Amino acid sequence: MKQTFVGKDEIIDLLGICLVARENLFLLGPPGTAKSALVQDLARRIEGNVFDYLLTRFTEPNEIFGPFDIRKLREGELITNTEGMLPEATFVFLDELLNANSAILNSLLMVLNERVFRRGRETRSLPTLMVVGASNHLPEDNALGALFDRFLVRVQCENVEPDQLSQVLTAGWKLDADKQAPLETMSIDDIRMMQLILDKADFSTVQSDYVALIHRMRRAGISVSDRRAVKLQRLLAASAILSGRLNVNRTDFWILRSIWHTEEQIEILASLVSDALEQASEEEKQTGHPRSRTTTIPDPELLVRDIDQLEQQCANDNLTEIEKTQFQDQVTLLASRCQWVESEQQKSFLEEKLEKLRDRLRILSE
């Protein structure tokens, strides 16, 4: 897949992690950035039933889950005919996910969270290995926020860098020409076997580091509920297993860069996780997941915006002690992110602004 889709290596690695962990992944990006092509290519490589659907505001439950069985209905039973529909799929792709309406929302939530389909008195367990959702925007109301929350991993899918465009054109032409060519596939049994191995993963050497990192995220304003913190361990275990290990080490924390709720949190998480990855020993790095070796350079303009927002919040003379502590933690985090800025001039400018913020917080604490 990496040979076919230029510049999408991280997304492909995340798809693999989620498939092994049996977790859901959300793709955010504008039209034409290969979101659907990526997922459909993966679906073709899985030897199982695939359900792929483009949601609209008018999508009805029958289109997703299947209509009621007319023969059973005549006998007074409400039984869904799910043949070829989502409840029988091992791999599910829901494009324009956030168009989901209230009519299908509750059923989708149970599918995503519990792998259960419930309609009236009808309840059945689902064989779903993974659900991928895609959209060009983030949720704007609470109902869709609950749907978005069921996707543990979130990743941006953007246009490639200008210097990669030539490679994209070549790979895209080859993809169109080879669409009917046979692909190497994965059996459902092999995938389920890897999922069973997750239970054998050993967290003993990293549990304290993981707890400390979750606390840092919370102090930075990134909500990580206890439930999500527990589920995220499955992703860490999947990273270890795909690296050929049963013991989770600190390099597996790379996956935590992709648990953001808003686009503003992406760089904050990248900085926090980068700090945690730096603590990995040389031995851990040698057997670590290759994705842990990549870093994201912060955008100086976004850092300026974040510092300005914090300055406005610190303008209040009546801050509580808890708020002062939180602001100090955020200043420390921003200082860490500034160290990754490549331009010395921009870095100096940002550090001056941060020093003024520190002075302001010292005055408030006296």
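This is a dialogue on reading the elements of one predicted model.

Trainee: What should I know about the model before reading it?

Mentor: This is a predicted model, in which local features need pLDDT of at least 70 and side-chain atom pairs count only at pLDDT 80 or more, while totals for chains, interfaces and linings use all residues. Residues are numbered from 1 along each chain as its sequence is written, and side-chain values use heavy atoms, with hydrogens and water left out.

Trainee: What does the chain average in pLDDT, and which elements have the lowest and highest means?

Mentor: pLDDT is the predictor's confidence in each residue, from 0 to 100. The chain averages 88, and 95% of the residues score at least 70. Helices (H or I, at least four residues) and strands (E, at least two) are DSSP runs, numbered from the N terminus. Among these elements, helix α4 (residues 70-74) has the lowest mean pLDDT, 70, and strand β1 (residues 25-28) the highest, 97.

Trainee: In which order do the strands of the open sheet stand?

Mentor: Two strands pair if DSSP finds at least two bridges between them. Here five strands form an open sheet with parallel pairing, in the order β3-β4-β7-β1-β8. β3 (50-54) and β8 (153-156) each have a single partner strand, so one side of each edge strand is left without a neighbour in the sheet. From one strand to the next, the twist averages 15 degrees.

Trainee: How many bridges join β1 and β7?

Mentor: β1 and strand β7 (residues 130-135) pair in the parallel sense over four bridges. In this region, Phe26 stands opposite Gly133 in β7. As a general idea, side chains in a regular strand alternate between the two faces of the sheet.

Trainee: Where does helix α1 lie?

Mentor: Axes are lines fitted to C-alpha atoms, for helices over the stretch in contact, and angles run from 0 to 180 degrees between N-to-C directions. Contact means heavy atoms within 4.5 Å. Helix α1 (residues 9-21) lies across β1, β7 and β8, running at about 165 degrees to β8.

Trainee: What of the hairpin of β5 and β6?

Mentor: Strand β5 (residues 116-119) and strand β6 (residues 122-125) pair in the antiparallel sense over four bridges. Arg119 stands opposite Glu122 in β6. The hairpin has two residues between the strands, and Gly120 takes a positive phi near 65 degrees.

Trainee: At what angle do α5 and α6 pack?

Mentor: Angles under 35 degrees count as roughly parallel, over 145 as roughly antiparallel, 65 to 115 as roughly perpendicular and the rest as oblique. Helix α5 (residues 102-114) and helix α6 (residues 142-149) pack at an angle of about 20 degrees, with their axes 9 Å apart. They are therefore roughly parallel to each other. The contact is made by Leu105, Leu108, Leu109 and Leu112 of α5 and Ala143, Ala146 and Leu147 of α6.

Trainee: Which handedness does the crossing of α9 and α11 have?

Mentor: A crossing is left-handed if the near helix is turned anticlockwise from the far one by less than a right angle, and right-handed if clockwise. α9 passes α11 in a right-handed crossing. The axes of helix α9 (residues 207-219) and α11 come within 11 Å and cross at roughly 155 degrees, and the two helices are therefore roughly antiparallel to each other. Leu213, Arg216 and Met217 in α9 meet Leu269, Leu272, Val273, Asp275 and Ala276 in α11.

Trainee: Where is the place of Gln279?

Mentor: Gln279 is in the loop between α11 (265-278) and α12 (282-287). Leaving aside neighbours within four places in sequence, Gln279 is in contact with Arg250 and Glu284.
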